[in-house]
Amino acid sequence: IFIAILYSLLIISTALILTWSLKSTVNITSEVLLAENVKKYAPAAEIISADIYKSRPVSISMLKNKLQSKASSLEGVIGINLYQRSEDDNYFRVRDIIKFNSAYVPEITRGSIVQPSAGLEIMKKSLTSAAFDSEVYTDGILRWQYLYAPYRTDRGVVITQWLISPSETE
């Protein structure tokens with residue numbers, strides 16, 4: 001019985017060490033990938049930062065037109081979704097959808113009220129500052145990450161949700 005207990009403890013300790021090692025490797029890999037992706041997202045971030053703090057609010061349609069013209073030339077931008085906070089603080093109204101990739105089929109529709117897929121906290125944070133969602137989302141052949149930025153419009157703050165594909169920017 002003593003030998004069986006000893007072997008069991010050895011197996012359990014080996015499993016714990018392997019689990020810890022794998023988690024450490026995954027965390028390091030994720031940090032490296034995110035650091036590299038930041039370089040790829042710089043053009044989109046420049047557009048966002050150039051427009052966030054402008055004093056004069058624009059209409060939502062003007063914002064859409066401006067984003068379409070500026071972002072259409074950026075590699076890796078799949079689409080941009082425009083949201084605005086609804087009457088319920090936990091939901092957002094889809095104001096518009098801009099598609100740059102024909103393979104992107106949004107699960108949301110213009111005018112619908114949705115709870116954010118990327119998480120409520122990141123959407124609330126993006127009401128006041130730019131935010132980046134490190135999770136990688138997939139749909140068919142597309143992979144993307146979300147980059148959020150607020151814009152002041154004549155109808156209040158609009159959150160832009162940029163779908164940026166690391167695979168398209170390589």
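Which residues have the most contacts inside the largest nonpolar core? They are Tyr83, Phe92, Trp144, Tyr148 and Ile159, in a core of 20 residues. A nonpolar core here is a set of buried Ala, Val, Leu, Ile, Met, Phe, Trp, Tyr and Cys residues joined through side-chain atoms within 4.5 Å, where buried means under 20% relative accessible area, exposed over 50%, and partly exposed in between (1.4 Å probe, protein chains only). The model is a predicted one, so to speak of local features takes a pLDDT of at least 70 and side-chain atom pairs count only at pLDDT 80 or more, while totals for chains, interfaces and linings use all residues. Residues are numbered from 1 along each chain as its sequence is written, and side-chain values use heavy atoms, with hydrogens and water left out. The sheet comes next. Six strands form an open sheet, paired antiparallel, in the order S3-S2-S1-S6-S5-S4. Strand S3 (113-114) and strand S4 (131-139) are at the edges with a single partner strand each, so one side of each has no neighbour in the sheet. Strands (E, at least two residues) and helices (H or I, at least four) are DSSP runs numbered from the N terminus, and two strands pair if DSSP finds at least two bridges between them. In general, strands of a sheet pair through backbone hydrogen bonds, either parallel or antiparallel.

Two of the pairings can be followed in detail. S5 (residues 142-153) and S6 (residues 156-164) pair in the antiparallel sense over nine bridges, and Tyr151 has Val158 in S6 as its bridge partner. S4 and S5 also run antiparallel, joined by six bridges; here Asp133 has Tyr146 in S5 as its bridge partner. S4 and S5 make a hairpin with two residues between them, and Gly140 in the turn has a positive phi of about 65°. Helix H2 (residues 60-71) lies across S1 (77-85), S2 (92-99), S5 and S6. H2 runs at about 160° to S1, an angle taken from 0 to 180 degrees between N-to-C directions, with axes as lines fitted to C-alpha atoms (for helices, over the stretch in contact).

Back to the 20-residue core. S1, S2, helix H3 (120-125), S4, S5 and S6 each give two or more residues to this core, and the largest share, four residues, comes from S5. Apart from this core lies another of 16 residues, among them Val77, Ile80, Leu82 and Ile98. Ile159 touches (heavy atoms within 4.5 Å) a list of residues including Tyr83, Phe92, Met123, Leu127 and Tyr148, not counting residues up to four places away in sequence.

A search of the whole structure finds five aromatic pairs. Rings of Phe, Tyr and Trp (its six-membered ring) pair if their centres lie within 6.5 Å; planes under 30 degrees apart count as stacked, over 60 as edge-to-face and the rest as tilted. Tyr137 and Trp144 are stacked, at 6.4 Å centre to centre with 20° between the planes. Tyr137 and Tyr146 form a tilted pair, at 4.8 Å and 50°. Ring pairs link Tyr104, Tyr137, Trp144, Tyr146 and Tyr148 into a cluster. Tyr137 counts as buried because its relative accessibility is 13%, and Tyr146 is buried with a relative accessible area of 6%.

Ser86 is in the loop between S1 and S2, and is buried at 10% relative accessible area. The Ser86 side chain reaches the backbone oxygen of Asp88 at 2.9 Å. Leaving aside neighbours within four places in sequence, Ser86 is in contact with Tyr91, Phe92, Arg93 and Ile113.

Notes: Polar contact = N/O pair within 3.5 Å; in protein donor to acceptor, adjacent residues only side chain to side chain.
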